[in-house]
Amino acid sequence: MGKDTPVFTVCPSCGAWSPDKQVEAAGGIDAVAICRDCGARIPFRRLPLFVVTGPSGAGKSALALALPRLLPECVVLDNDVLWGAVAASPDDNFRSYHAVWLRLVIDIHQSGRSVVLGGTITPEQLEESIERRYLASIHYLALTCD
């Protein structure tokens, strides 16, 4: 299996590794990733991602503490938990750091649960990622403060 990849990124038929698969909705939460090398159709769950963003001190962490009780069907994660453990660079607007998060979110989705990801995240850091195609949608809630 390739480094840091969702399980279906590696083709079970030919072993090719590529996050750049064509994705087709199959109905509901089901989708299919199509291997560009052999044409194999790899089923997966395509769920929405919920992002709670905003500046430091806006209340993201406080909200994250309440969300598991309010949304028990979701997995609530803090974007900062991997900070320092995963490479992050302003040179690419932290896109590679957030790509790791998207790969983790995609894997969690395969268990049938959506993810709420809290942190200082801008839409372009996620929307321009190749992993974005594996998500049904991304919903943003931006907290602000005086």
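**Confidence, open space and a buried glutamine**

In the protein chain, confidence reaches its highest mean, 98, in strand β4 (residues 49–53), and its lowest, 87, in strand β1 (residues 22–27). These values are pLDDT, the predictor's confidence in each residue, from 0 to 100; helices (H or I, at least four residues) and strands (E, at least two) are DSSP runs, numbered from the N terminus. This is a predicted model, in which local features need pLDDT of at least 70 and side-chain atom pairs count only at pLDDT 80 or more, while totals for chains, interfaces and linings use all residues. Residues are numbered from 1 along each chain as its sequence is written, and side-chain values use heavy atoms, with hydrogens and water left out.

Over the protein chain, the mean pLDDT is 90, and 95% of the residues reach 70 or more. Residues 1–5 stay under 50, and the model has nine contacts for them beyond four places in sequence; a contact means heavy atoms within 4.5 Å. Where pLDDT is low, the predicted coordinates should not be read in detail.

The largest pocket holds about 170 Å³ of space. A pocket is an open set of points on a 1 Å grid over the protein atoms alone, with protein on both sides within 12 Å along at least five of seven lines; a cavity is a set where a 1.4 Å probe fits but cannot get out, and lining residues have an atom within 4 Å of a point. Grid points are joined across faces, edges and corners, and a volume is the space filled by probe spheres set on the points. Of the 14 residues lining the largest pocket, K60, S61, D78, D80 and G119 lie nearest its centre. Helix α1 gives the largest share of this lining, three residues.

The search of the whole structure finds one cavity of 30 Å³ or more. The lining of the largest cavity includes V52, K60, A64 and L67, and α1, β5 and β6 (114–118) each supply at least two of its residues.

Q125 lies in helix α3 (residues 123–127). Why does Q125 count as buried? Its relative accessibility is 5%, and buried means under 20% relative accessible area (1.4 Å probe, protein chains only). The side chain of Q125 reaches the backbone oxygen of N93 at 2.8 Å, and a polar atom of that side chain lies 2.8 Å from the backbone nitrogen of T122. Beyond its neighbours within four places in sequence, Q125 is in contact with N93, F94, R95, H98 and T120.

Notes
Buried means under 20% relative accessible area, exposed over 50%, partly exposed in between (1.4 Å probe, protein chains only). A polar contact is a pair of N or O atoms within 3.5 Å; within protein, one must be able to donate a hydrogen and the other to accept it, and residues adjacent in sequence count only if both atoms are side-chain atoms.
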